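Here is a short walk through one model. Keep the sequence and the 3D view side by side.

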Amino acid sequence: MKTIIRAFFRTVRTVLGPFMLLKERLTQPRGVVREPAAQTTVNLQCQNLALYQFSTCPFCIKVRQEMRRLSLPIEQRDAQHNAANRAELLQGSGATQVPCLKITDAAGQSQWLLDSTAIISYLRRRFAVV
């Protein structure tokens, strides 16, 4: 039964995926414009972030759109087709649920934030334009 359900969703993703990616491309929001010094600071802070995602996951698309809106150059790691990224996600967060934001602090400690709503809230709080 589990195999049938997985096959069904894989088929749905295969059929609908290109349309979802096209819609994402056509509806890209404009990014905020910061002063060059402020954007440089944001860019440096984003080096400690990584988004584990699937390209056609609607929740991942939602997070990527918010990243564009906030002009955040966060590294995106494909956990669907890249086995190393998937293994790192499983080891770090304890699940292969996407989207997942890996937040690494200055001491090298990592925090894993699951759920698109929580990720978007975190990004808005941390990188809000005042």
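This is a predicted model. Start with its aromatic rings: the structure holds 2 aromatic pairs. One joins Phe 8 and Phe 9, with ring centres 5.2 Å apart. Their planes stand at 75 degrees, so this pair is edge-to-face; the label applies because planes over 60 degrees apart count that way. Phe 9 has a relative accessible area of 46%, so Phe 9 is partly exposed.

The other pair is Tyr 52 with Trp 112. Is Tyr 52 buried or exposed? Its relative accessibility is 0%, so Tyr 52 counts as buried. The cut-off for buried is under 20%.

Now return to Phe 8, which is placed in helix 1 (residues 2–26). Both Phe 8 and Phe 9 belong to a nonpolar surface patch. Met 1, Ile 4 and Ile 5 complete that patch, which covers about 590 Å².

Charge gathers on the surface too. Which residues make the patch of positive charge? They are Lys 2, Arg 6, Arg 10, Arg 13 and Arg 86. Helix 1 gives the largest share, 4 residues. Arg 10 is one of the patch members, and Arg 10 lies in helix 1. With a relative accessible area of 48%, Arg 10 is partly exposed.

Note on methods: Residues numbered from 1 in each chain as written. Predicted model: local features only at pLDDT ≥ 70, side-chain atom pairs only at ≥ 80, totals over all residues. Heavy atoms only, no water. Patch = residues over 30% accessible without salt bridge, like charges linked within 9 Å, V, L, I, M, F, W, Y side chains within 5 Å. Areas by Shrake-Rupley, 256 points an atom, 1.4 Å probe, with all protein chains shown as cover. Salt bridge = Lys/Arg side-chain N within 4 Å of Asp/Glu carboxyl O. Helix = DSSP H or I, 4+ residues; strand = E, 2+ residues; numbered from the N terminus. Lys, Arg positive; Asp, Glu negative; His and termini not counted. Charge placed at Lys NZ, Arg CZ, Asp CG, Glu CD. Buried < 20%, exposed > 50% of the residue type's maximum accessible area, 1.4 Å probe, protein only. Phe/Tyr/Trp six-rings, centres within 6.5 Å; stacked < 30°, edge-to-face > 60°.
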